[in-house]
Amino acid sequence: MRLQTVVKVKKSAVKDDFLLQDLRREAWAEEVIGTLHEEGVTTYKQLFELIQNEQANPELRADVGNEIRRLYKWIDKRRFVPPLLKALRSSHERVRENAVRALTNLDSKRAVQPLIELACDQTQSWYMRYLAINGLHII
């Protein structure tokens, strides 16, 4: 029980201006750190805005979703789930794909209903519907 408390404190201690430092915890993050820095994204708030911004570069948004998926051990999912849920409604399939993967890795119960809707949406590609069904299975 004591270990769980330490982990919860560690995750909730994520501070807005420590985005790039938190990403540096993982060796694979160097490329995304450089890209985010070039785009002027240095805080979690800016990252959340980027994920939700339909006008932003869709490739960058998709890459960010993928990186969030890989950071699930370090982040406070309560802060990441709302922008990822909004990304599920993106007009760009790759953004939606990585949002589904990230929500699945974060084990977000709040994603269940949106994933059901995505899985039942006949306008989505078979692959997107498959990802949503797989995500529901994992969650």
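The largest cavity holds about 50 Å³ of space; a cavity is a set of points on a 1 Å grid over the protein atoms alone where a 1.4 Å probe fits but cannot get out. Volume is the space filled by probe spheres set on the points, with grid points joined across faces, edges and corners. The model is predicted: local features need pLDDT of at least 70 and side-chain atom pairs pLDDT 80 or more, while totals for chains, interfaces and linings use all residues. Residues are numbered from 1 along each chain as its sequence is written, and side-chain values use heavy atoms, without hydrogens and water.

The cavity lining (residues with an atom within 4 Å of a point) comprises L19, L23, V32, L36, L47, V64, E67, I68, L71 and F80. Helix 5 (58-70) gives the largest share, three residues. Helices are DSSP runs (H or I, at least four residues), numbered from the N terminus.

Helix 4 (residues 44-52) packs on helix 6 at about 20°, with axes 8 Å apart. Helix 4 is therefore roughly parallel to helix 6 (angles under 35 degrees). Axes are lines fitted to C-alpha atoms over the stretch in contact, and angles run from 0 to 180 degrees between N-to-C directions. Y44, L47, F48, I51 and Q52 of helix 4 meet R79, F80, P83, L84, K86 and A87 of helix 6, where contact means heavy atoms within 4.5 Å.

Helix 6 (residues 77-87) also meets helix 7 (residues 93-105); their axes come within 8 Å and cross at roughly 145°. V81, L84, L85 and A87 in helix 6 touch V95, R96, A99, A102 and L103 in helix 7.

Terms used. Helices (H or I, at least four residues) and strands (E, at least two) are DSSP runs, numbered from the N terminus. Angles under 35 degrees count as roughly parallel, over 145 as roughly antiparallel, 65 to 115 as roughly perpendicular and the rest as oblique. On a 1 Å grid over the protein atoms alone, a cavity is a set of points where a 1.4 Å probe fits but cannot get out, and a pocket is an open set with protein on both sides within 12 Å along at least five of seven lines; lining residues have an atom within 4 Å of a point.
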